[in-house]
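Keep the sequence and the 3D view open as you read.

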Amino acid sequence: MTAILVENLVKTYNGVRAVDGVSFTVEKGEIFGLLGPNGAGKTTTVEILEGLRAADSGRAEVLGMDMRRDGSRIKQCVGVTLQTATLMPNLTARELLDLFGSFYPRSLSPDDLLARLGLEEKRNARVQTLSGGQQQRLAVALALINDPELVFLDEPTTGLDPQARRSLWEVIGDMHRVGKTVFLTTHYMEEAERLCDRIAIMDHGRILAMDTPRGLVQAQFTERAIQFTIPEGVDPALFAQVPGVLRIVTENGDVVLYSETVQRTLSSLMEWAAAQKMELDDIHLRRATLEDVFIKLTGRRIRD
Amino acid sequence: MTAFLKMTQAGLKSFLRDRSGLFWSFFFPVFFIVIFGSVFGRAGNRDQSLRFQIGLVTTGLPIDAAWIPDVFKKVPVFTVHEGALEAEKRALIRGDRRAVVVFPPDLIDHIQIGQPAEIQVYYDPAQEQTSRTVVGIVEQVLAGIDKGLSGSPTLLQVRQMPVAPDGARELNLRGIDYLLPGILAMTIMQLGLFTAIPIINMREKGILKRLRATPLPRSTLVTSQIAQRLVIGVIQTFTIIAIGMFLYRFRVSGSWLALMGVVVLGVLTFICIGAILASIARTQESGVSLVQLVNLPMMFLSGLFIPMEFIPRYLLPVSQALPATYLADALRAIMLSAPSAHSLTTDLAVIVAWLLGSLFLAARLFRWE
């Protein structure tokens with residue numbers, strides 16, 4: 001079953017194509033991540049699906065309904081968090097949930113939702129007194145008030161401390177377990193890698209690649225990385241002499257050697273270093289990460 | 001319906017929990033009444049009350065007709081000067097008189113043969129609002145005399161000339177009577193204009209956008225915002241009148257229903273103007289400045305608590321274009337049952353015109369983000 005179907009979506013702002021012919025589908029029960037730097041067009045895409053913006057052209061279907069025709073019916077069946085999390089600062093958490101519940105024909109109990117999101121102690125606290133993490137969890141609770149089949153979370157953990165981020169990840173994991181479809185945008189690699197069943201990498205309004213996190217890495221990198229630190233004054237270029245080394249990258253003082261035959265290259269490296277009487281420290285192997293995939297696809301780091 | 005009620009309730013709760021909003025909406029107008037009230041005079045203190053300078057020309061009028069101009073001396077809002085026609089007209093042009101009433105020498109002859117006598121009332125057409133008020137009162141007084149002459153001609157009846165249509169009380173315009181409807185008009189104006197701030201706030205914080213992602217109909221959003229303001233406006237109206245009654249023995253002599261109707265019309269009009277300002281301003285700070293830019297001139301040029309006669313001539317056309325001028329005038333007409341500068345129909349027509357115009361613009365300019 002398809003939860004979201006997007007075909008050739010285009011949205012232009014002042015002559016700039018913010019969304020430039022995007023197509024993808026999201027299956028029911030999936031956590032789908034749209035990963036990309038700020039300004040990639042993620043929010044525009046998700047806001048078209050939320051009914052907040054009209055696309056210039058292309059097709060957008062949510063839960064089998066056409067966005068243009070059934071916008072208000074779609075809004076009844078989906079839940080939304082926006083990037084801006086501030087919500088009526090003078091109301092309490094419970095009042096806000098109660099208010100939003102009144103917008104839908106059917107809604108969950110505010111108290112149950114507050115308990116699910118670990119906010120029961122804050123039920124009578126005004127929104128403005130909540131911490132960033134608590135406000136973000138409240139925003140998620142609001143997105144769930146109508147017990148939606150599909151939840152859009154736009155950069156839900158941006159600006160949160162690691163602990164608050166982890167607790168929100170658990171909440172998203174819970175949604176997944178009860179079979180909800182989650183559409184997530186993020187610029188955190190770790191978040192996408194950890195939560196998403198499938199990821200689309202977006203930049204300059206286009207989708208560059210789309211697959212499972214592992215599939216994305218494997219499709220882009222057949223090589224593995226050998227990473228270690230070297231004594232001061234040693235030229236990293238010397239390691240080109242080691243058999244099997246395809247590329248050399250230096251990262252924060254570390255040397256990273258890429259190889260497709262990692263076992264042979266590693267033993268050659270050891271022999272070569274012993275012959276040179278060179279002390280290598282902190283030697284480890286790693287697979288390429290989504291970050292590497294991103295750099296390879298876009299030519300830049302995601303935060304640049 | 002539940003969504004509408006909950007939205008209205010949520011808005012009112014937010015309003016009540018915002019101390020500065022409460023201050024401006026309730027304590028500020030009350031403060032104004034107390035301060036201005038103590039300047040303009042307390043209950044029954046006629047000497048400090050607002051008075052209009054009237055010139056009477058009685059040249060050649062026989063002694064037995066002298067009681068007619070004397071009636072004018074008993075009108076509490078008039079300070080009467082007697083003099084020659086030319087001197088009084090000069091005083092009028094200088095601005096020392098609001099109106100000059102000229103009685104013909106053959107007044108009694110006309111009355112005796114039952115022929116209408118012409119009584120000329122000079123006034124300054126540039127001081128349109130004041131002149132209309134004064135001329136209105138003069139006409140009422142003359143009509144009363146006329147009635148006295150054609151009916152049972154007792155002087156006493158004439159002296160107790162009621163200006164209220166229902167004859168509830170004699171015209172006794174004190175400063176506070178002029179002031180209180182003005183303060184009410186100011187409060188309604190500010191209630192509406194300052195709607196801009198919560199709108200900008202909801203837009204800046206993304207609350208409007210978040211609401212748009214729910215199935216809440218736009219009409220419910222808009223009507224609930226209006227309902228909140230109307231509830232606040234009605235509470236303000238009762239508060240202000242209650243303070244006036246308690247401190248200054250103020251009485252509403254007209255219809256409460258008509259009063260509430262005008263209050264509602266005023267709130268709606270100024271909400272629309274506030275919504276336009278909200279769409280023009282980019283940030284909350286610029287919104288506050290913009291609202292003040294509209295609010296301050298209206299406060300001082302609409303005759304809210306500074307009578308029109310103190311407004312410089314060159315600013316009068318501005319005054320006469322402002323909706324608050326007509327709101328204050330309509331409130332005075334209803335609350336005091338006194339002749340006002342404009343007819344109530346004119347007042348309502350101008351306010352409705354402003355309402356429709358600004359409603360149209362507000363709808364055109366509205367931005368969700």
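Setting aside its neighbours within four places in sequence, Met299(B) is in contact with Met186(B) and Leu304(B), where contact says that the C-beta atoms of two residues, placed from the backbone, lie within 7 Å. You'll find Met299(B) in helix α13 (residues 284-301) of chain B. Helices here are DSSP runs of H or I with at least four residues, strands are runs of E with at least two, and both are numbered from the N terminus. Is Met299(B) buried or partly exposed? Met299(B) counts as partly exposed because it has 19 C-beta neighbours inside 10 Å. To be buried, a residue needs 20 or more other C-beta atoms within 10 Å of its own; with 12 or fewer it is exposed, and in between it is partly exposed, with C-beta atoms placed from the backbone. Met299(B) and Thr325(B) are 26 residues apart in sequence, and their C-alpha atoms are 9.3 Å apart in space.

A quick word on ground rules: this is a predicted model, in which local features need pLDDT of at least 70 and side-chain atom pairs count only at pLDDT 80 or more, while totals for chains, interfaces and linings use all residues. Residues are numbered from 1 along each chain as its sequence is written, and chains are lettered from A and ligands numbered from 1 in the order in which they are written.

Now zoom out to chain B as a whole. Chain B has 16 helices and four strands, and 40% of its 369 residues count as buried. Take the contacts in chain B with a separation of 6 or more: 77% of them come from residues 24 or more positions apart.

Both chains are divided into domains, with bounds that come from an automatic or database domain assignment. Here they are side by side:

| Chain | Domain 1 | Domain 2 | Distance between C-alpha centres |
|---|---|---|---|
| Chain A | 2-218 | 222-286 | 42 Å |
| Chain B | 2-43 + 173-365 | 51-159 | 38 Å |

Where do the chains meet? 19 residues of chain B are in contact with 21 residues of chain A. On the side of chain B that touches chain A, α1 (2-17) and α10 (207-212) of chain B are the elements that give two or more residues. α1(B) gives the most to that side, with eight residues.

Next, the sheet in chain A. Six strands form an open sheet in the order β6-β7-β8-β3-β9-β10 (chain A), and the pairing is mixed; two strands pair if DSSP finds at least two bridges between them. At the edges sit β6 (78-81) and β10 (206-211) of chain A, each pairing on one side only. Strand β3 (residues 31-35) and strand β9 (residues 198-203) of chain A pair in the parallel sense over four bridges, and Leu35(A) stands opposite Ile201(A) in β9(A).

Finally, the insides. In soluble globular proteins, nonpolar side chains tend to be buried together. A nonpolar core is a set of buried Ala, Val, Leu, Ile, Met, Phe, Trp, Tyr and Cys residues joined through C-beta atoms within 7 Å. The largest one has 78 residues, and those with the most contacts inside it are Leu96(A), Ala141(A), Leu142(A), Val151(A) and Phe183(A). Helix α5 (residues 132-144) of chain A gives the most to this core, with seven residues. Apart from this core lies another, of 60 residues, including Ala281(B) and Met308(B).
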